[in-house]
Amino acid sequence: MSNYKVRFYKGDYRWRQRQANRDRCVAYVEQHFNGAANRRAGYSMVITGYRSSQTSRNWGRWYAQQVGKVFGVPVGGRSGIMVGGYGGRGNGNVKHTKMPAILLEPLFGSNPQHAEIIRSSKGQDKLAKILADSIIEAFPKGGTIGFSVGHKYKTSRPWDRGVPIYGGGTEADYAEIVMEKAKALLEGYDPSKVEEPKEEDDDKPDNDIRVIKDGKEIWLHTETDEDDNILWDEENRVLYINTK
Ligand SMILES: [Zn+2]
């Protein structure tokens, strides 16, 4: 069974964060897409608060860099993060939380190639998986995760949907689709089904005797134990194994 529970917060940004504090969320994410007048602008970026913890910064970098890897886009800011937002913009979206919080700007809706990813369900699946993986990586113990869809559901500006996405649709609507998919992944996540890497030579006793010729094992004797007396007679080139 999954140990993650995802809760969406609505209302003005400060209110959302206060509700997440009340619910003792272990992490808080707000999803956006970037936009610029220049259609060629396109990089992966995460904003953290001015006073964000190292956990937030590491988590944000991991996410931004993973987006860069999966989609082959450059990462912006300082190895993927911008502390305090664009000249302060974005800081208020995360600074009121008492838990690690990041604001995602993975791709540019104004960039035609990025927009194609954002609008395709395959691209949305990949973005959702990166988000879910980043949370599992940074918060392996689980807990309640607070989700906030950027722009949408604000009390003060209920019509806001963020930037238009090249080819159709809006930033906030696609952000919501990605977050819903990430929620499904996290709440369906079963840590017991994740294969742990096996320890090497876990159950092999140390007292085996092997003969290796030119790097290849040609003889193996396993029925010895710690009390056996093993003697290599150098002069006669005989190995004695005394088990009695
Ligand atoms: Zn936005």
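Leaving aside neighbours within four places in sequence, Phe147 is in contact (heavy atoms within 4.5 Å) with Val6, Arg7, Phe8, Tyr9, Val29, Leu131, Ile135, Met179, Ala182, Lys183 and Leu186. Phe147 also belongs, with Val29 and Ile135, to the residues with the most contacts inside the largest nonpolar core. A nonpolar core is a set of buried Ala, Val, Leu, Ile, Met, Phe, Trp, Tyr and Cys residues joined through side-chain atoms within 4.5 Å. Buried means under 20% relative accessible area, exposed over 50%, and partly exposed in between, with a 1.4 Å probe and protein chains only. The largest core has 38 residues. At least two of its residues come from each of strand 1 (4-8), strand 2 (27-31), helix 2 (54-71), strand 7, helix 4 (112-119), helix 5 (121-138), strand 8 (143-149) and helix 6 (171-187). Helices (H or I, at least four residues) and strands (E, at least two) are DSSP runs, numbered from the N terminus. Another core, of nine residues, lies apart from it and includes Cys25, Tyr28, Met99 and Leu103. In soluble globular proteins, nonpolar side chains tend to be buried together.

Residues are numbered from 1 along each chain as its sequence is written, and side-chain values use heavy atoms, without hydrogens or water. Because the model is predicted, local features need pLDDT of at least 70 and side-chain atom pairs count only at pLDDT 80 or more, while totals for chains, interfaces and linings use all residues.Phe33 is placed in the loop between strand 2 and strand 3. Phe33 is buried, with a relative accessible area of 2%. Phe33 and Ile118 are 85 residues apart in sequence. Their C-alpha atoms are 8.7 Å apart in space.

Two pockets were examined. On a 1 Å grid over the protein atoms alone, a pocket is an open set of points where a 1.4 Å probe fits, with protein on both sides within 12 Å along at least five of seven lines; lining residues have an atom within 4 Å of a point. Grid points are joined across faces, edges and corners, and a volume is the space filled by probe spheres set on the points. The largest pocket holds about 340 Å³ of space. Its lining has 18 residues, and His32, Arg89, Glu105, His151 and Glu171 are the closest to its centre. Strand 6 (89-90) and strand 7 (101-105) each supply at least two residues of this lining. By class, the lining divides into six nonpolar, six polar and six charged residues. Ala, Val, Leu, Ile, Met, Phe, Trp, Tyr, Cys and Pro count as nonpolar, Asp, Glu, Lys and Arg as charged, and the others, Gly among them, as polar.

The second largest pocket has a volume of about 220 Å³. It is lined by 14 residues. Arg51, Ser52, Val94, Lys95 and Thr97 lie nearest its centre. Five lining residues are nonpolar, six polar and three charged.

Ser52 is found in the loop between strand 3 (45-48) and helix 2. At 15% relative accessibility, Ser52 counts as buried. Its side chain makes a polar contact with the side chain of Thr48 (2.9 Å). A polar contact is a pair of N or O atoms within 3.5 Å; within protein, one must be able to donate a hydrogen and the other to accept it, and residues adjacent in sequence count only if both atoms are side-chain atoms. The side chain of Ser52 also makes a polar contact with that of Arg57 (2.9 Å). Neighbours within four places aside, Ser52 is in contact with Arg57 and Val83.

Asn91 lies in helix 3 (residues 91-94). With 9% relative accessibility, Asn91 counts as buried. A polar atom of the Asn91 side chain lies 2.9 Å from the backbone nitrogen of Tyr50. Not counting residues up to four places away in sequence, Asn91 touches Thr48, Gly49, Tyr50 and Gly84.

Gln65 is found in helix 2. Gln65 is partly exposed, at 35% relative accessible area. Beyond neighbours within four places in sequence, Gln65 is in contact with Val75 and Ser79. A polar atom of the Gln65 side chain lies 2.9 Å from the backbone oxygen of Ser79. Ser79 itself lies in the loop between helix 2 and strand 4 (81-83). Ser79 is partly exposed, with a relative accessible area of 39%.

Most residues other than glycine have a negative phi. Phi of Ser79 is positive, near 40°. Tyr153 has a positive phi of about 70°, although it is not a glycine. Tyr153 lies in the loop between strand 8 and helix 6. Its relative accessible area is 29%, which makes Tyr153 partly exposed.
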